[in-house]
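Have the sequence and the coordinates open as you read.

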Amino acid sequence: MSGLYFYDDMRARQFEPFALTRPGSELRAGTSLVRHRWERITGLKSAGFISSGHLANFEEGDAPPAMAAKSEIPAGAVVVNTRCVLPLDTQLERFDLLMCDGAACAVKLARELPVSQFASGSIYLGAIQTSLGGRKVKGRWLNEVWEFIGTLDEQLAEDIPIRAKPLKKAAGHKAQTIGDHEIFVEDGAQIGPQVVLDASIGPILIRAGAVISPFTLLVGPIYVGRETQINGDRVSTSSIGDHCKVRGEFSNCIVLGHSNKGHAGFVGHSYLGRWVNLGSLTTTSNLKNTYGPVQLWTPSGVRSTGLQFLGSIFGDHAKTGIGTMLSTGTVIGAGANVFGANTPPKVVPPFAWGDGEPYDTYDVTRFLEVAARVMSRRQVDLSDKARRQLAEAHKQRWSVG
């Protein structure tokens, strides 16, 4: 097998507000990016991704590049549907076709295929390799963007014991511990005095370089990434990526990485993309007064999620001002900057700017200047290629209608 190629089908390309700025392989499911999950279980390196054309210049960390429209995927390569999440301890050696819940999730190519065959997102992987009928594997399909949140507690409970096995535990931390589930503090993490680690409901994993400030309560299942700071209050049932800051009550959330909730305010059952910044006292509602299922805007219209609890979904580079109050099931588009006393609508389009409707459009030159400034504070450069991709996202931004 020559490498992993990640395929966003038509459904994955509807995972807004993220699909405008990143492929599905670069979303966090449980403790890990989708790409990292497949690299772990296959032992293969990522070689590229196939998604919407506006992501042709996507560049971020060690992520593989987009496949050029006129290129070929080589024979022996493994093409993965990014919506399928397999357990991290799945044992995969040789296979031709993988089937999860009756649908093909990965295929090894018997011959090279043109990328153009996947361009529309309509091809079904099971139609490429049918000779052996497929090997069945256990896992879950993410059919809607809100299912990252809806399945988070189960996914964390599965992932954390597996992720913790090969890591070196820190010795002598002074946190008070509660509960019978595994608590793992990796060597190099800093735990302040009067920290409580509550593993009564699920396990806890704190990675090297993380800093847990005094008087913080962490309630499992919870994953805290490298160099992330948790600066007080109650943080529970969350997957927080690398280089983040979290303060205030935080519950059932995913943070992709390099994002900040640095002040008080409740955020629950929400997903924060990369380079998100929430102003002080930003608060999300995650439960309707009727206790009924939450509805969410999608590119195909407003739909019922079937979830009783759902907060807000923040696209990459989204920002809120001081005191922003967000309704249950709010979508904040990538690059949007909302502020002021008005409660934002249930969906804010990408690169919106202002304190209420009708929003202005964030000038792309100014947006890129701010993005570069924000990223440089974390010693990350906004490359020329990434600038082009964000500029293209600005051109391709969707509207609420």
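This is a predicted model: local features need pLDDT of at least 70, side-chain atom pairs count only at pLDDT 80 or more; totals for chains, interfaces and linings use all residues.

Q: How many bridges join strand 8 to strand 11?
A: Strand 8 covers residues 97–100. Strand 8 and strand 11 run parallel. The number of bridges joining them is three.

Q: What is the strand order of the open sheet?
A: Six strands form this sheet, and the pairing is mixed. Its edge strands are strand 4 (46–50) and strand 11 (135–137), each pairing on one side only. Direction ignored, neighbouring strands are turned by 25° against each other on average. The order reads 4-1-6-9-8-11.

Q: At about what angle does helix 1 run to strand 1?
A: Helix 1 lies across several strands. They are strand 1, strand 4, strand 6 (78–81), strand 8 and strand 9 (103–108). Relative to strand 1, helix 1 runs at about 145°.

Q: Within what arc do the buried residues of helix 1 fall?
A: Helix 1 spans residues 34–42, and its buried residues are Val34, Arg35, Arg37, Trp38, Ile41 and Thr42. Seen down the helix axis, they line one face, because they fall within an arc of 160°.

Q: Which residue just after helix 1 takes a positive phi?
A: Look just past the end of helix 1. The phi there is about 75°. The residue is Gly43.

Q: Is the pair of Phe18 and Tyr271 tilted or edge-to-face?
A: The structure holds 10 aromatic pairs, and Phe18 with Tyr271 is one of them. Their centres lie 4.7 Å apart.

Q: What kind of aromatic pair do Phe148 and Tyr271 form?
A: The centres are 5.7 Å apart, with 85° between the planes. An angle over 60 degrees counts as edge-to-face. So the pair of Phe148 and Tyr271 is edge-to-face.

Q: Is Phe148 buried or exposed?
A: Phe148 lies in helix 2 (residues 147–150). Its relative accessible area is 4%. The cut-off for buried is under 20%, so Phe148 counts as buried.

How values were computed:
Residues are numbered from 1 along each chain as its sequence is written. Side-chain values use heavy atoms; hydrogens and water are left out. Rings of Phe, Tyr and Trp (its six-membered ring) pair if their centres lie within 6.5 Å; planes under 30 degrees apart count as stacked, over 60 as edge-to-face and the rest as tilted. Helices (H or I, at least four residues) and strands (E, at least two) are DSSP runs, numbered from the N terminus. Buried means under 20% relative accessible area, exposed over 50%, partly exposed in between (1.4 Å probe, protein chains only). The arc is that of the directions from the helix axis to the C-beta atoms. Two strands pair if DSSP finds at least two bridges between them. Axes are lines fitted to C-alpha atoms, for helices over the stretch in contact, and angles run from 0 to 180 degrees between N-to-C directions. Contact means heavy atoms within 4.5 Å.
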